[in-house]
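Me: Hello! I am new to this structure and would like to learn how to read it. Could you walk me through some features?

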Amino acid sequence: MSTFKAIVVEKAESGTKASLTDFDEANLMDGDVTVAVEYSTVNYKDGLAITGKAPVVRRFPMIAGIDFAGTVETSTNPAWKPGDKVILNGWGTGETHLGAYAEKSRVKGDWLVALPATMSACEAMAIGTAGYTAMLAVMALERHGLTPEHGPIAVTGAAGGVGSVAIAILAQRGFAVSAVTGRPEEADYLKSLGATEIVERKELSGPVKMLAKERWAGGIDAVGSTVLANLLSMTRYGGAVAACGLAGGMDLPTSVAPFILRGVCLYGIDSVMCPIEKRREAWKRLETGLDRPKLAAMTREIGLSGVAEAAAAILAGQVRGRIVVKIR
Ligand code: NDP
């Protein structure tokens, strides 16, 4: 029997239980590419899966972890050969397909994106699903036509993973960025990433006006609920908001006023089932569009044994920036 280290989520008497254990390779699921996983990350969804706080895991036992970077070991997919460096985000890994907190993963070759030539596996996972989602959100705002000349962009959940990467990308594109945060003590950190203004979350978490003073040309929202609703009501005429998260709640207590009276657009961002062409574009842009020293400054590294603690911390809103997980 050949085994490898993995974090496995199983059903428990009440809820689920995650543990670092030896997993039998014979139990890997179907796929045409087997990857030696080198790095993964801790995203918000990983926090939900490991703690069992939301029903992210839909097959048991499940190896948790929604993204990885590694090297192809074996492949029957013509697109990939042993030695190729690859990235995987989403597609149900860690949810319905055995996931990334493992020394080995077997997946569909069609899910993989080539690791950009100048990027290490560690850097790719410092970006991770959070950072790739931030890029998808920036791409949505730019497709809408927003440029730095239109005005500042608000980024909510600013000190978290999506928020930190979004700020760094937008700043590099020349946008003025308002970092909306519940942790004003992180002002220096947020400014070091490129934020031009720090806005306290409480300014956007109060009662929602149908229309408020026009403040931002656009926004990237990782929070949802009243924060997103207030952001919409404060978006300038013709502006756009890209919504990707629910750290503050799943609801959206808004009205149609921003849409029908100011022509504001709300774009939904999904990283999990995003078509492969858009993924390739996002990773290509991440290669040059995200300052590497800033990425390093927002990232800390842990091992598989540290994932449980990091999972609890990310749900508590205590993680700053990104956590990369060294697998081997
Ligand atoms: P993080 O925990 O790193 O960041 C979330 C941030 O949101 C926190 O740092 C905090 O920022 C803020 N926040 C936390 N709790 C609350 C709260 N109760 N009310 C208001 N704000 C809060 O998570 P990620 O960056 O990894 O993910 C952010 C969100 O995006 C998650 O909901 C995640 O599920 C979602 N996501 C969605 C994807 C998609 O495909 N649509 C892909 C990736 C992520 P601060 O302290 O600065 O206020």
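Me: Let's start with strands. Which residue is the bridge partner of Val-9 in β2?

Reply: The partner of Val-9 across the bridge is Ala-18, in β2. Helices (H or I, at least four residues) and strands (E, at least two) are DSSP runs, numbered from the N terminus. This is a predicted model, where local features need pLDDT of at least 70, side-chain atom pairs count only at pLDDT 80 or more, and totals for chains, interfaces and linings use all residues. Residues are numbered from 1 along each chain as its sequence is written, and side-chain values use heavy atoms, with hydrogens and water left out.

Me: How many bridges pair β1 with β2?

Reply: In general, strands of a sheet pair through backbone hydrogen bonds, either parallel or antiparallel. Two strands count as paired if DSSP finds at least two bridges between them. Here β1 (residues 3–11) pairs with β2 in the antiparallel sense over 9 bridges. Another bridge to β2 links Ile-7 to Leu-20. The hairpin of β1 and β2 has 4 residues between the strands, and in it Gly-15 takes a positive phi near 80 degrees.

Me: What is the strand order in the open sheet of 3 strands?

Reply: The order is β2-β1-β4, with antiparallel pairing. Because β2 (16–24) and β4 (62–63) stand at the edges with a single partner strand each, one side of each has no neighbour in the sheet.

Me: Which strands pair with β5?

Reply: Strand β3 (residues 33–41) pairs with β5 (residues 67–75) in the antiparallel sense, over 7 bridges. Thr-34 has Thr-74 in β5 as its bridge partner. β5 is also joined by 5 bridges to β6 (residues 85–89), again running antiparallel. There, Asp-67 has Asn-89 in β6 as its bridge partner.

Me: Where is the cis peptide bond?

Reply: Look between Phe-60 and Pro-61, where omega is about -10 degrees. Pro-61 is in the loop between α1 (44–51) and β4. For another backbone detail, find Trp-91, which has a positive phi of about 60 degrees although it is not a glycine. Trp-91 belongs to the loop between β6 and β7 (104–107).

Me: Now the ligand. How many residues surround the ligand?

Reply: A residue is near a molecule if one of its heavy atoms lies within 4 Å of it. In this model 25 residues surround the ligand, and the closest are Val-162, Thr-181, Gly-182, Arg-183 and Ser-271. α2 (121–144) and α3 (161–172) each supply at least two residues of this shell, and α2 gives the most, with 3 residues.

Me: Which polar atoms lie 2.8 Å from an oxygen atom of the ligand?

Reply: A polar contact is a pair of N or O atoms within 3.5 Å; within protein, one must be able to donate a hydrogen and the other to accept it, and residues adjacent in sequence count only if both atoms are side-chain atoms. A polar backbone atom of Gly-161 is 2.8 Å from a ligand oxygen atom. An N or O atom in the side chain of Arg-201 also lies 2.8 Å from an oxygen atom of the ligand. For a nitrogen atom of the ligand, a backbone N or O atom of Ile-269 lies 2.8 Å away.
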